[in-house]
Amino acid sequence: MSSNDDQDDLKPSATPGYKPTGATKTADEYAKLDAEDESLARWKASLGITPGVSTGDTSGPRVTVLTLELDSPTLPPGKKLVFNLKDTAKLADTKKNPIIIKEGVEYNVRITFKLAAKGVRYIQLVKRAGIKVDKLEQMLGSYGPHPQGEPYTKNFDVEESPSGLMARSGSYNVRSRVVDDDGEVYADWDWSFKLAKEW
């Protein structure tokens, strides 16, 4: 299967009744909408949306994924499985040297990101020998820029890694993508792992 065959699997699930938004507005434009409605103005202010107040740098992309982490209570003390997505060489190296995940343990995916968008999802497609074996799709949600410019962190549902001799043979190729409900792709990367009896 080619990566073009993955495109359908990497599209976000359709939300019933959702219509693409088209043009987006800045936080300042949203703050000025319905400015005469005091109750709405107070609610917007509680979200950090006020006219003329900058809510961080909005000149870059609306979503920037900083790290992907695999977390498990069974990891040895001090060991972390964190990918810095700016380090493309290290990500590419996982194809030759896949990361090791212990078989049969609970783990979860965690990403750190900066965003000012709505309806953003993380999609992860796992293949082994070119055949899809797993797909994860999790909603990140809708966020404005963090007032102090800090990144957000999202922990996904706990999963259990496969176990057994068949699961341990070979490596798994993963395609990860961050996309919004309108189909705009903000991050798209590949990485690999293999299962073993120990971390």
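Which residues have the most contacts inside the largest nonpolar core? They are Val109, Tyr122, Val178, Trp189, Trp191 and Phe193, in a core of 36 residues. The structure is a predicted model, in which local features need pLDDT of at least 70 and side-chain atom pairs count only at pLDDT 80 or more, while totals for chains, interfaces and linings use all residues. Residues are numbered from 1 along each chain as its sequence is written, and side-chain values use heavy atoms, with hydrogens and water left out.

**Nonpolar core**

- A nonpolar core is a set of buried Ala, Val, Leu, Ile, Met, Phe, Trp, Tyr and Cys residues joined through side-chain atoms within 4.5 Å. Buried means under 20% relative accessible area, exposed over 50%, and partly exposed in between (1.4 Å probe, protein chains only).
- The elements that give two or more residues to this core include strand E1 (63-71), strand E5 (117-128), strand E6 (131-143) and strand E10 (185-196). Strands are DSSP runs of at least two residues, and helices (H or I) are runs of at least four, numbered from the N terminus.
- E10 supplies the largest share of the core, 6 residues.

**Aromatic pairs**

- Rings of Phe, Tyr and Trp (its six-membered ring) pair if their centres lie within 6.5 Å; planes under 30 degrees apart count as stacked, over 60 as edge-to-face and the rest as tilted. By this rule there are 6 aromatic pairs.
- The ring centres of Phe83 and Trp191 are 5.2 Å apart and their planes are at 50 degrees, so this pair is tilted.
- Because Phe83 lies in strand E2 and Trp191 in strand E10, the pair ties together parts that are 108 residues apart in sequence.
- Phe83 is buried at a relative accessible area of 5%, and Trp191 is buried at 2%.
- Phe83, Tyr172, Trp191 and Phe193 are linked by ring pairs into a cluster.
- Leaving aside neighbours within four places in sequence, the residues in contact (heavy atoms within 4.5 Å) with Trp191 include Leu68, Leu91, Ile99, Gln124 and Val174.

**Strand pairing**

- E5 and E6 pair in the antiparallel sense over 10 bridges; two strands pair if DSSP finds at least two bridges between them.
- Lys127 has Lys132, in E6, as its bridge partner.
- The two strands E5 and E6 form a hairpin with 2 residues between them, and Ala129 in the turn has a positive phi of about 55 degrees.

- Lys102 belongs to strand E3.
- Lys102 and Glu160 are 58 residues apart in sequence and 9.9 Å apart in space, C-alpha to C-alpha.
- Apart from neighbours within four places in sequence, Lys102 is in contact with Ser161, Leu195, Ala196, Lys197, Glu198 and Trp199.
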